[in-house]
Number of protein chains: 2
Amino acid sequence: MIKYLRKDGFETMAKVEPKFHRGLPDERRALLIRATIDCLATNGHAGVSVRRIAAAAGVSAGLINHYFVSIDDLVAQSFDQVATEILRKLGLRVDAAGPDPRLRLSAYLDAYFSPLLVDQDLIRVWVVFWSLIPHSAELREIQKRSAGEYRALIERELAAFAHQAGADKFDAARAALGLFAMLDGLWLELCLNPLSYPPAEGVILCRHWIDGELGRAGMPPAEWPPIEMERLAALAPKVG
Amino acid sequence: MIKYLRKDGFETMAKVEPKFHRGLPDERRALLIRATIDCLATNGHAGVSVRRIAAAAGVSAGLINHYFVSIDDLVAQSFDQVATEILRKLGLRVDAAGPDPRLRLSAYLDAYFSPLLVDQDLIRVWVVFWSLIPHSAELREIQKRSAGEYRALIERELAAFAHQAGADKFDAARAALGLFAMLDGLWLELCLNPLSYPPAEGVILCRHWIDGELGRAGMPPAEWPPIEMERLAALAPKVG
DNA sequence: TTTGCACTTGAACGAGCGTGCAGTAAGCTA
DNA sequence: TAGCTTACTGCACGCTCGTTCAAGTGCAAA
């Protein structure tokens with residue numbers, strides 16, 4: 001057995017643990033952003049705290065100002081990360097549904113009412129970001145870009161769906177704005193009060209909206225796949 | 001001219017101002033709730049502060065704990081007040097439209113995209129409440145009740161509208177849930193980013209939703225009144 | 001005019017906040 | 001092994017926080 005010589009001159013059987021680890025900048029930043037998201041999920045607004053975040057990340061408070069110009073900067077980058085990650089996962093769900101526009105759109109709706117998005121941790125984090133937006137130009141910019149990307153994703157899928165159905169008069173931009181709003185409103189209501197309506201009802205309402213806009217373009221309602229609750233409730237990783 | 005004798009024995013021409021005013025409990029509570037709402041509108045989450053609220057109300061910090069068991073209690077009662085007040089004003093707008101269900105529903109939609117609700121002060125206050133809901137049973141209860149009342153109001157107007165149109169198959173509860181969500185989502189998006197779409201577009205989207213649900217019940221689309229922007233932008237008092 | 005109630009103040013308390021910075025030590029380089 | 005760079009720590013600073021409470025004082029009743 002190797003014996004280690006401690007600085008004080010005494011031999012010890014225990015390995016001398018380094019007092020801290022020197023990480024790569026990108027690793028550190030990712031660690032702190034993750035800790036911030038966890039903190040917001042646990043403590044809400046009170047989680048926006050250098051000391052709490054540092055404790056959650058297992059580093060000293062001073063390190064945050066070493067990697068981020070301020071706590072607000074860290075929060076903004078965390079918002080960006082959460083928004084980007086959710087969008088990416090939504091995209092993966094849609095792509096996993098294959099090339100059929102009908103199934104892709106259906107997968108998109110299902111995902112919105114599955115644990116991927118209906119997640120107490122996610123809503124707790126998200127409402128904190130929302131509450132900060134009116135007081136931060138940086139957050140406002142991220143919200144603007146992020147909302148635009150969500151709408152663009154919906155619009156793309158809606159347009160493909162309508163095109164397949166042969167509806168050329170279909171106004172995908174308008175339908176996307178309405179669907180995005182309805183999804184957001186339903187998601188928020190369900191997260192704030194999980195018993196206010198069954199998640200499958202949310203899927204039905206969104207299908208109604210799409211069918212209505214199709215009908216307006218002269219097309220018959222879509223033939224939707226059955227709503228399978230186990231598909232809806234499919235295991236989903238947590239926020240981030 | 002009457003001369004006043006000051007405590008220190010010196011005469012003075014100035015009237016001796018009372019050091020403070022003794023208010024009635026209800027007046028004081030109303031004053032503090034109003035100051036809280038103002039503080040949240042100005043400072044967001046940072047406005048949830050005994051000292052700031054007391055300063056805004058022009059009283060000492062200690063007075064808050066005299067009338068409210070805690071700052072959280074005061075915030076909860078403020079949420080209740082804002083939610084109740086907005087609902088009341090929406091009801092007034094609808095009633096002002098007269099007895100015709102079509103005009104009442106139209107007035108409701110217009111109000112949602114008018115300065116009555118699309119108000120930077122209101123959104124700033126509201127998102128703070130939302131962000132606190134997951135961490136307060138009291139706020140959760142108020143949100144639950146309040147959302148129920150909003151939905152009930154919409155459902156009543158939708159049912160009357162459908163009844164007039166002769167649509168007996170119309171599912172008012174379902175249509176109300178969808179309309180409520182769409183309104184909430186559109187309102188939020190517009191408040192967070194006022195340039196994301198023109199307010200009149202929001203009215204159109206909601207009308208589309210109602211027409212779609214009517215069509216599903218076998219009825220033709222409603223004959224909507226023209227959207228007058230000046231009506232939409234009608235002067236509206238601030239939150240509370 | 002006096003009395004007494006209770007509304008109101010303002011100081012005090014301990015805790016937590018973000019940031020700055022001097023000093024420590026990890027880990028690569030020579 | 002020695003030296004060097006810098007990631008990292010941890011304390012100190014001046015703040016603000018919510019709550020408590022003794023003392024002060026407006027005001028109406030006596």
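**Figure 1. The protein surface near DNA strand C in the predicted model.** The residues of this surface divide into ten nonpolar, ten polar and six charged. In this predicted model, DNA strand C is surrounded by 26 residues, of which the closest are Val50(A), Ser70(A), Gly23(B), Ser60(B) and Gly62(B). At least two residues of the surface are supplied by each of helix H2 (50–57) and H3 of chain A and H3 of chain B.

**Figure 2. The protein surface near DNA strand D.** Among the 26 residues around DNA strand D, those that come nearest are Gly23(A), Gly62(A), Ser49(B), Val50(B) and Ser70(B). Two or more residues each are given to this surface by helix H3 (62–67) of chain A and by helix H2 (50–57) and helix H3 (62–67) of chain B. The composition by class is ten nonpolar, ten polar and six charged residues.

**Figure 3. The fold of chain A.** Chain A contains ten helices and two strands. Along the sequence, these elements follow the pattern β-β-α-α-α-α-α-α-α-α-α-α. Of the 240 residues in chain A, 38% are buried. When contacts between residues at least 6 apart in sequence are considered, 63% of those in chain A join residues at least 24 apart.

**Figure 4. The contact between chain A and chain B.** Chain A contributes 37 residues to the contact and chain B contributes 38 residues. On the side of chain A that touches chain B, two or more residues come from each of helix H6 (120–132), helix H7 (137–165), helix H8 (172–192) and helix H9 (199–216). H8(A) gives the most to this side, with twelve residues. By class, the side of chain A that touches chain B has 17 nonpolar, 13 polar and seven charged residues.

**Figure 5. The symmetry relating the two protein chains.** Chain A is superposed on chain B by a rotation of 180 degrees with 0.0 Å of shift along its axis, at an RMSD of 0.0 Å. This relation is that of a two-fold axis. The copies meet through the same surface, because 100% of the interface residues of chain A are also interface residues in chain B.

**Figure 6. The largest nonpolar core and the surroundings of Met182(B).** The largest nonpolar core has 133 residues. Within this core, the residues with the most contacts are Leu179(A), Met182(A), Leu179(B) and Met182(B). Residues up to four places away in sequence aside, Met182(B) touches Gly178(A), Ala181(A), Met182(A) and Gly185(A), as well as Leu205(B), Cys206(B) and Trp209(B). In soluble globular proteins, nonpolar side chains tend to be buried together.

Figure 7. Val203(A) is located in helix H9 of chain A. This residue counts as buried because it has 20 C-beta neighbours inside 10 Å. Apart from neighbours within four places in sequence, Val203(A) is in contact with Leu109(A), Asp110(A), Phe113(A) and Ile227(A). Ile71(A) lies 132 residues from Val203(A) along the chain, and 38 Å separates their C-alpha atoms.

Figure 8. Phe20(B) is placed in the loop between strand E2 (11–12) and helix H1 (25–43) of chain B. Phe20(B) is exposed, because 10 other C-beta atoms lie within 10 Å and the cut-off for exposure is 12 or fewer. From Phe20(B) to Leu117(B), the C-alpha to C-alpha distance is 36 Å, and the two residues are 97 residues apart in sequence.

Definitions and conventions. Residues numbered from 1 in each chain as written. Chains lettered and ligands numbered in written order. Predicted model: local features only at pLDDT ≥ 70, side-chain atom pairs only at ≥ 80, totals over all residues. Near = placed C-beta within 6 Å. Helix = DSSP H or I, 4+ residues; strand = E, 2+ residues; numbered from the N terminus. Nonpolar A, V, L, I, M, F, W, Y, C, P; charged D, E, K, R; others polar. Contact = placed C-beta atoms within 7 Å. Least-squares fit on C-alpha atoms with pLDDT ≥ 70 in both. Core = buried A, V, L, I, M, F, W, Y, C linked by C-beta atoms within 7 Å.
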